[in-house]
Amino acid sequence: MQGSFLKPPIVISGSRWRGLLPFLCSLPFTASILVVLDAPSRADPSAWDYIWGGAALLAFAGCNLYFGCQLIWPSKVIVGPEGLISRTTFGPWGLAKSSRYDWSEIDGFELWKHHTFASVGIRLKRNQRSAAIANPVLAGSLEISAAKTCELLNQALLRWAPR
């Protein structure tokens, strides 16, 4: 984590160790699809077998590419007096999906616990909600725990939100 409340912005990067798990989990699926396409189980495979196999290969290879890029260029959450930016980068080309929220749009942050992981949800003020995203979630797998991130963001909201 870089920066502090005294020297903003606070930058929380994605954890490469936590991002390694989905990458390693998708590799065996990609490899197994390659093996099946190389040596089909039937003597006379149809064109549909290759089409479905190719589609599955593209899906898992795309996951490998995305998770691999997240290992090299991890997501970031940038917190400053102007607001909050959640940025997910994809590759060296600077392709990024950024979500920006002013402090006036945010009502608070809450810890969302799932079965195996936790994430930080953003409670938007009632007039800021859209039909598509009622409560957005920050970029996942950050270098500090979701509970500490939630606590830090609530402190930042108290400090920098307009009164």
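Tutor: Buried means under 20% relative accessible area and exposed means over 50%, with partly exposed in between, using a 1.4 Å probe and protein chains only. This is a predicted model, in which local features need pLDDT of at least 70 and side-chain atom pairs count only at pLDDT 80 or more, while totals for chains, interfaces and linings use all residues. Residues are numbered from 1 along each chain as its sequence is written, and side-chain values use heavy atoms, with hydrogens and water left out.

Student: What percentage of the residues in the protein chain is buried?
Tutor: The protein chain has 163 residues. Buried residues make up a share of that number, and the share is 35%.

Student: Is the peptide bond from Pro8 to Pro9 cis or trans?
Tutor: Most peptide bonds are trans. Pro9 is found in the segment before strand 1, which covers 10-13. The bond from Pro8 to Pro9 has an omega near 5°, and it is cis.

Student: In strand 2, which residue is the bridge partner of Ile12?
Tutor: Two strands pair if DSSP finds at least two bridges between them. Strand 1 and strand 2 pair in the antiparallel sense, over four bridges. Strand 2, residues 76-80, is mostly covered, since four of its five residues are buried. The bridge partner of Ile12 in strand 2 is Val77.

Student: Which residue forms a salt bridge with Glu110?
Tutor: A salt bridge is a side-chain nitrogen of Lys or Arg within 4 Å of a carboxyl oxygen of Asp or Glu, and the structure holds two of them. For Glu110, the closest N and O atoms of the pair are 3.2 Å apart, and the partner is Arg123.

Student: Why does this pair tie together parts that are 13 residues apart in sequence?
Tutor: Glu110 is partly exposed at 25% relative accessibility, and Arg123 is partly exposed at 28%. The pair ties those parts together because Glu110 lies in strand 5 (residues 106-113) and Arg123 in strand 6 (residues 118-124).

Student: Which residue meets Asp102 in a salt bridge?
Tutor: Asp102 is partly exposed, with a relative accessible area of 34%. The N to O distance is 3.9 Å, and the partner is Arg100.

Definitions and conventions:
Helix = DSSP H or I, 4+ residues; strand = E, 2+ residues; numbered from the N terminus.
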